[in-house]
Amino acid sequence: VNVPTLALFGEQDELIMPTSAAFLKKYVPRANITLLPEGDHELHIRHWRRVGPMVANWFNSNKNAVLQ
C-alpha cells in the first residue's frame, strides 16, 4: 500500500496490540503512526479531544493525495 495513511494506536489497547505499528509501517511506508500512551481500543470515543484534531490536521496535510 503506497498511499498516505494515518494510524493511531493506543498503548493500552488489548485488541490491536501496539506492536502492530511496526508491521503496518513495514507494509504501508507512507503511514503516519502515532502511539497514544493512555489510549485503549476506543481512541475516537474516549480521547476524541486529542484524536479529532490529529485526524483533521492529517487530512488537511494530505487532502490532495487523498482526494485523487
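Guide: One cut-off is needed at the outset: a salt bridge is a side-chain nitrogen of Lys or Arg within 4 Å of a carboxyl oxygen of Asp or Glu. The model is a predicted one.

Visitor: How far apart are the closest N and O atoms of Asp40 and Arg46?

Guide: Side chains of opposite charge can pair when their charged atoms come close. Asp40 and Arg46 form a salt bridge. The distance between their closest N and O atoms is 2.2 Å.

Visitor: Is Asp40 buried or exposed, and what about Arg46?

Guide: Buried means under 20% relative accessible area, and exposed means over 50%. Asp40 has a relative accessible area of 17%, so Asp40 is buried. Arg46 has 54%, so Arg46 is exposed.

Visitor: How many salt bridges does the count come to?

Guide: Glu38 forms a salt bridge with Arg50, where the closest N and O atoms are 2.7 Å apart. The pair links distant parts of the chain, with Glu38 in the loop between S2 and H2 and Arg50 in helix H3, twelve residues apart. The count comes to three.

Visitor: How do Glu38 and Arg50 count in terms of accessibility?

Guide: Glu38 has a relative accessibility of 39%, so Glu38 counts as partly exposed. For Arg50 the relative accessible area is 39%, which makes Arg50 partly exposed.

Visitor: Which residues does His47 touch, not counting those up to four places away in sequence?

Guide: His47 lies in the loop between helix H2 (43-46) and helix H3 (48-66). His47 counts as buried because its relative accessibility is 18%. With residues up to four places away in sequence left out, His47 touches Glu38, Gly39, Asp40 and Glu42.

Visitor: In what order do the elements of the chain run from the N terminus on?

Guide: The chain has three helices and two strands. From the N terminus on, these elements run β-α-β-α-α.

Visitor: Which residues does Thr34 touch, leaving out those up to four places away in sequence?

Guide: Thr34 is in strand S2, residues 31-36. A relative accessibility of 18% means that Thr34 counts as buried. Not counting residues up to four places away in sequence, Thr34 touches Ala7, Leu8, Phe9 and Met54.

Visitor: How far apart in space are Pro18 and Asn2, C-alpha to C-alpha?

Guide: Pro18 is in the loop between strand S1 (5-10) and H1. Residues up to four places away in sequence aside, Pro18 touches Phe9, Gly10, Glu11, Asp13 and Leu35. Pro18 and Asn2 are 16 residues apart in sequence, and their C-alpha distance is 21 Å.

Visitor: How many aromatic pairs does a search of the whole structure find, and is the pair of Phe23 and Tyr27 stacked, edge-to-face or tilted?

Guide: The search finds one aromatic pair. The ring centres of Phe23 and Tyr27 are 4.8 Å apart and the planes are at 50°, so the pair is tilted.

Visitor: By how much of a helix are Phe23 and Tyr27 separated?

Guide: Phe23 counts as exposed because its relative accessibility is 57%, and Tyr27 counts as partly exposed because its value is 44%. The two are four residues apart in helix H1 (residues 20-27), so they are separated by about one helical turn.

Visitor: What share of the residues of the chain counts as buried?

Guide: The C-alpha atoms of the chain fill a box of roughly 35 × 30 × 15 Å along the principal axes. The chain exposes about 4900 Å², with carbon and sulfur atoms supplying 57% of it. Of the 68 residues, the share that counts as buried is 25%.

Note on methods:
Residues numbered from 1 in each chain as written. Predicted model: local features only at pLDDT ≥ 70, side-chain atom pairs only at ≥ 80, totals over all residues. Heavy atoms only, no water. Buried < 20%, exposed > 50% of the residue type's maximum accessible area, 1.4 Å probe, protein only. Contact = heavy atoms within 4.5 Å. Phe/Tyr/Trp six-rings, centres within 6.5 Å; stacked < 30°, edge-to-face > 60°. Areas by Shrake-Rupley, 256 points an atom, 1.4 Å probe, with all protein chains shown as cover.
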